[in-house]
Amino acid sequence: MLWVMCLCHRDSSVRVVVFRSLVPKVFCAGADLKERSLMSNAETELFVQDLRSLMTQIASLPMPTIAAMDGVALGGGLELALACDLRTAAYSAQMGLVETKRGLLPGAGGSQRLPRIIGITLAKELIFTGRSVGGQTALEMGLVNRAVEQNQTGDAAYREALSLAREILPQAPIAVRMAKEAMDMGFEVDITSAMAIERMCYARLIPTRDRQEGLAAFLEKRPPRYTGE
């Protein structure tokens with residue numbers, strides 16, 4: 001997957017990335033505990049370090065990313081979804097950071113990303129208890145953006161993710177990328193620094209052809225034809 005992430009980083013034609021699973025009722029069930037039990041302490045630390053690096057690569061993709069959870073997303077599986085910008089889920093999906101039940105804590109970014117998404121108090125409750133929640137509860141607490149009833153083919157969340165992606169695709173691609181950069185970077189600093197980041201990102205859009213096209217399309221009362229330039 002790391003190789004695919006590197007390709008996406010370099011390919012400016014990629015507008016949205018959707019993560020899904022082809023395994024029925026499972027998005028990602030997390031680490032193989034039987035395999036982990038055979039690892040030495042050093043091997044375990046290296047394994048988690050590599051996993052953390054992968055999640056960081058996903059989070060740093062320049063285009064919007066969507067996790068489509070049509071089934072179980074536990075431990076590292078939910079951490080993968082948390083590394084994405086947006087999340088969709090079936091009501092029947094189960095999501096949780098269950099590491100404390102195994103004598104661990106979420107080590108691939110979950111202990112940091114979950115509080116930033118749902119707030120520190122709720123995040124502490126879920127991590128301390130190791131509790132899993134369904135799609136409806138996840139929607140109510142802001143863990144996912146959209147939740148839907150599962151369909152007969154078991155891909156309702158994926159279809160909803162595609163619907164969300166189709167809403168993003170008509171927008172100016174450079175503007176979307178710059179908006180993501182401004183929000184992601186600005187969220188980690190004080191408001192004064194964040195405003196400076198916004199100004200920097202905005203300045204990079206002013207000379208683009210897409211900005212000129214957006215203004216022309218508005219004046220001519222037609223849909224814009226963005227080229228990503």
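Let's start with overall size. The chain has 229 residues, and a compact globule of that length would have a radius of gyration near 17 Å. This chain has 19 Å, which agrees. The radius is taken over C-alpha atoms, and the globule rule is 2.2 Å times the number of residues to the power 0.38. Along its principal axes, the C-alpha trace spans about 60 × 45 × 35 Å.

A word on the source. This is a predicted model, where local features need pLDDT of at least 70, side-chain atom pairs count only at pLDDT 80 or more, and totals for chains, interfaces and linings use all residues. Residues are numbered from 1 along each chain as its sequence is written, and side-chain values use heavy atoms, with hydrogens and water left out.

Buried residues make up 39% of the 229. Buried means under 20% relative accessible area, exposed means over 50%, and partly exposed is in between, with a 1.4 Å probe and protein chains only. The accessible surface comes to about 13,100 Å². Carbon and sulfur atoms hold 58% of that surface. These areas come from the Shrake-Rupley method with a 1.4 Å probe; for residues, only the protein chains shown count as cover.

Next, contacts. A contact means heavy atoms within 4.5 Å. Take the contacts between residues at least 6 apart in sequence: 63% of them join residues at least 24 apart.

Charges. The chain has 26 positive and 25 negative side chains. The centres of the two sets lie 3 Å apart. Lys and Arg count as positive, Asp and Glu as negative; His and the chain ends are not counted. The place of a charge is NZ of Lys, CZ of Arg, CG of Asp or CD of Glu.

On to secondary structure. How many helices and strands does the chain have? Eleven helices and eight strands. Both are DSSP runs, numbered from the N terminus: helices are H or I with at least four residues, strands are E with at least two.

Look at the open sheet. Four strands form it, in the order β2-β4-β6-β7, and the pairing is mixed. β2 (26-28) and β7 (133-134) stand at the edges, each with a single partner strand, so one side of each has no neighbour in the sheet. Strands count as paired if DSSP finds at least two bridges between them. Strand β4, residues 72-74, and strand β6, residues 94-96, run parallel and are joined by two bridges. L74 has G96 in β6 as its bridge partner.

Is E99 buried or exposed? E99 is buried, at 12% relative accessible area. Leaving out residues up to four places away in sequence, E99 touches G75, G76, E79, L104, L105 and P106.

Now strand β5, residues 86-90. Four of its five residues are buried, so β5 is largely enclosed by the rest of the structure. β5 pairs with strand β3, residues 65-69, in the parallel sense over four bridges. There, I66 stands opposite L86. β5 also pairs with strand β8, residues 146-148, again parallel, over three bridges. T88 stands opposite R146 in that pairing.

Two methionines next. M185 sits in helix α9, residues 173-186. M185 is partly exposed, at 38%. I197 is twelve residues from M185 along the chain, and their C-alpha atoms are separated by 7.3 Å. M200 is in helix α10, residues 191-205. M200 is partly exposed too, at 37%. M200 and M178 are 22 residues apart in sequence and 9.4 Å apart, C-alpha to C-alpha.

Backbone angles. Most residues other than glycine have a negative phi. K25 has a positive one, near 65°. K25 lies in the loop between β1 (17-19) and β2. K25 is exposed, at 69% relative accessibility. K221 also has a positive phi, near 55°. K221 lies in the segment after α11 (209-219), and K221 is exposed at 76%.

Last item: A42, in helix α3, residues 41-59. A42 is exposed, at 56%.
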